Amino acid sequence: MTDALQRETTAPALRLAGIVKTFPGVRALDGVDFEVMPGEVHALLGENGAGKSTLMKVLAGMYQPDEGRIVIGGREVRMTTPLEAKEQGVVLIHQELSLVPEMTAAENIYLGELPRKSFGRVDWRTLHARSDAILERLRCKFRSEAVVAQLSIANQQMVEIARALTVDARVVVFDEPTASLTDAEKVVLFDIINDLKAQGVGIVYISHRMDEIFTLSDRITVLRDGQYRGTLETALTNEDEVTRLMIGRSLDLSRDTTPVKVGETVLAVRNLTCEPHFEDVSFSVRAGEVVGFYGLVGAGRTAIAEALFGLRDCASGTILIDGKEVSIGSPERAIGMGISLVPENRKEQGLVLQMSCRDNMTLPQVQDLTAGPFVSSGAEIAIFDQYRDRLAIKTPSWRQPAGVLSGGNQQKIVIGKWLSMQPRVLIVDEPTRGIDVGSKSEIHTLLRELAAQGYAVIVISSEMPEILRVSDRIVAMYHGRITREFTAAEVTEDSLVQAISGVAATAEA
Amino acid sequence: MTPPDTVKQSRQMQDDGPAAPPLPQAAAETLPGGTSARISLFRDNPLVRWLMDNPIWGFVLIVFVFFSFASEHFFEFSNVQNILVQTSTIGLIALGMTLVMINGNIDLSVGATLALAAAFAVDVQSWAVFASWGNWQILPAVCLALLVGIALGALNGFIVWKTGVDAFIVTLGAMLGIRGLVFVYTGEQSFYAMNFAYSDFSVVSVGPLPVLALIFLLCTLAVHLLLSRTVHGRNTYAVGGNREAAVNAGIRVGPHMMINFMIIGFFAALSGVLLSTQMGAATPNLGRDYELWVITAVVLGGTKLTGGKGDIIGTFGGVLAIGILRNGMNLMQVPAFYVYVILGGILIAVLFLDKRFNRTANGGLRL
């Protein structure tokens, strides 16, 4: 309550009132109110398509609102470019890194506003002195002379944040900042956010991850369908209430416990090695079960999936399907053997975004859907309709380019693409990355159902709740090796964390 | 005094009561301020939509009407026949270029391939082995010329596939190298067709259509069907749109791209053969700058240099646009050099309009 009182007496660092933004055919923002106090972390939540990104683009001067007011530090402002917004002290840290990889950290930090000497020459000394000061403030261990391409993703993100601090920032917007960070790197990021907060900067934090939001934020504002749904004190609410505001109903987060008939071993891997990604990996997957692969980013989980799908050659080891040793060699042959892969990054690896939903879904089997020399449109539409209904894909028509769908629906198209091929083994890498909570739970249910229908399912995920929720067995990996295998009954969060952080491995050795 | 939070809390309660009105698909039309509604109605018209997707056909229509009034000889059937014959050469290559460019590649070697194929077609007929074949001596000559085109295309495609070097670089090298081979082969001389049946071919008509125009139209139809209706066509879009996703769908990208290079090699050679029948000869400089005309036509037709987007209907429009402009300005006795200036300007203008339409339609950012 003291917080609330204090907030009342200080002016907001930023206030948006009644923001309306329309695009042809869509009202993306419909009278949205939002404010951030100095020294407050204000989380912005909503499903994909709820209008969070549009609101932030309005805030960063990339879009002009049709109606409504933007008040910064007590003055009403109009911003028409990101640079103007930055001059007002509003900076946006993008979800995707937008750095020039060939340049140094310092050049990136001051990109577009390099300090100058006479005749337009760059003042390198000032540039590096200022950049180093900012990096120090962020407790970075690298120097501003470092070339960005050679930095780790986490350090690149630091450069992106450093960029925001070249001006006296009043408000810093973080858009899904932890999407590509490991747990240790996250801790550093949260420290920085708390530092900024202590310095009186207002923070807008956008994320799908509830745990982060509840750790970090002071208040939570929820958007749904472009409309303001309310603002809650983080301390006085819980995940359930927030979720209900976000999707308009409660989520069933419990695990589906109906017993599943587990069948024969479909896929077995023995002593598979592919340096430097993974070595001496052995496991098996039976029909009717979901095997979860859990580990840190870079532990070798995705590389195993790629090897099973014929995208990587393995130095040694064997892969058996139905007990028979196979040599995979290419995705084409993997598909022929009934192995399918829903890749980690659906936009870059799974979908042809300009192509229609239907064409994306039938892509791997279009050669079998021909009538004479031509592709049979009718056969394709039949398949599309069948899997649209089965997976509840929301799209007005099959003609819709896949790129315009929401993340959840895109993921369902990729899953439908493989289901329609009747695979034996379905490998799903990060099934719900960047997908909102509502669709997330739908996809979890779907994965359980698929196992129940007799598919052998492998799920790779970096989210512990997800792994715990969908898996019958969990394979923990650390540094390219399998450290432990758990059954759903015996696994605990603690033992899982130990297994993926190398604790168990060192204890054994 | 109520703290701001409680105010918002209560507002949220109100909002949660009755279900929020769903966002209608055509929300823009119901908005106050009729202009956006009118624009959106205008945009919903299928013909307008089609023209916005294919701005080149709007342009073709405009120049066609313009020249019909500006020149007394333009709007005559014989002149339309002329335009088709004149454009058949770059038109045929443009068909292949559309496939290669949708694939995300490019082929700069088509002009040189055309010249080499033309040289073969004219020279081989006069080889001593075929001396007793009469008019049949043309057949092996033409077949060999077409095979040379396909083989060169296969070579380009194979190098792109196996080395992973950008198609721009590979075919730039091929353009220089093949042109060099043309000079070696011809000894810097022109070859003349001794068999007059060969040069007579270009003036044959089938019904109302000159045979060259007929070949062009049939090939256009064939490639249109290939691209829009077959598995190969579908894969062409997939590979150009997202190569990684195509690999993950089991498409063998390398061989696929090689086939498209072979197709464009075939069309370059066919174009060379037809051009040499028109001239009754093959010169070593034949087909110079053709790659630029062809790429201009394809890009005018809406194919993206980055791949994944484009179609034959657009390319046909682009080819006609160039043909009509050259023909019409020629009839109006505009000096040929101005044609280059005007075409260059139009190329940029059409792409600018395309970008504008697409950007506003997507609510895109100013980047």
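So, where is E47(A) found? E47(A) sits in the loop between β3 and α2 of chain A; helices (H or I, at least four residues) and strands (E, at least two) are DSSP runs, numbered from the N terminus.

Quick housekeeping before I go on. This is a predicted model, where local features need pLDDT of at least 70 and side-chain atom pairs count only at pLDDT 80 or more, while totals for chains, interfaces and linings use all residues. Residues are numbered from 1 along each chain as its sequence is written, and chains are lettered from A and ligands numbered from 1 in the order in which they are written.

Is E47(A) buried or exposed? E47(A) is buried, with 24 other C-beta atoms within 10 Å. The cut-offs: buried is 20 or more other C-beta atoms within 10 Å of a residue's own, exposed is 12 or fewer, partly exposed is in between, and the C-beta atoms are placed from the backbone. Leaving aside neighbours within four places in sequence, E47(A) is in contact with M246(A), I247(A), D436(A) and G438(A); contact is C-beta atoms, placed from the backbone, within 7 Å.

Follow the chain on into helix α2, residues 52-59 of chain A. Seven of its eight residues are buried, so α2(A) is largely enclosed by the rest of the structure. The buried ones include K52(A) and K57(A), along with L55(A), M56(A) and V58(A). Just after α2(A), G61(A) takes a positive phi of about 80 degrees.

Now the sheet. It's an open one of six strands in chain A, in the order β6-β7-β8-β3-β9-β10, with mixed pairing; two strands pair if DSSP finds at least two bridges between them. At the edges are β6 (90-93) and β10 (227-233) of chain A, each pairing on one side only.

Let's walk through it. β6(A) and β7(A) pair in the parallel sense over four bridges, and V90(A) has V171(A) as its bridge partner in β7(A). On to the next strand: five bridges join β7(A) to β8 (residues 202-206) of chain A, again running parallel, and there V171(A) stands opposite G202(A). Four of the five residues of β7(A) are buried, so this strand, too, is largely enclosed by the rest of the structure.

Further along, β3 (residues 41-45) and β9 (residues 219-224) of chain A run parallel and are joined by four bridges. H42(A) has R219(A) as its bridge partner in β9(A). Helix α9 (residues 239-247) of chain A lies across β3, β9 and β10 of chain A, at about 25 degrees to β9(A). Those axes are lines fitted to C-alpha atoms, for helices over the stretch in contact, with angles from 0 to 180 degrees between N-to-C directions.

Last stop, the largest nonpolar core. By that I mean buried Ala, Val, Leu, Ile, Met, Phe, Trp, Tyr and Cys residues joined through C-beta atoms within 7 Å. Of its 174 residues, I93(B), A117(B), A118(B), A121(B) and V294(B) touch the most other members. Helix α14 (residues 253-279) of chain B gives the most to this core, with 14 residues. A121(B) touches, among others beyond four places away in sequence, A141(B), V142(B) and V273(B). There's also a second, separate core of 68 residues, including V159(A) and I203(A).

And chain B overall? It has 17 helices and four strands, and 43% of its 367 residues count as buried.

Terms used
Contact = placed C-beta atoms within 7 Å.
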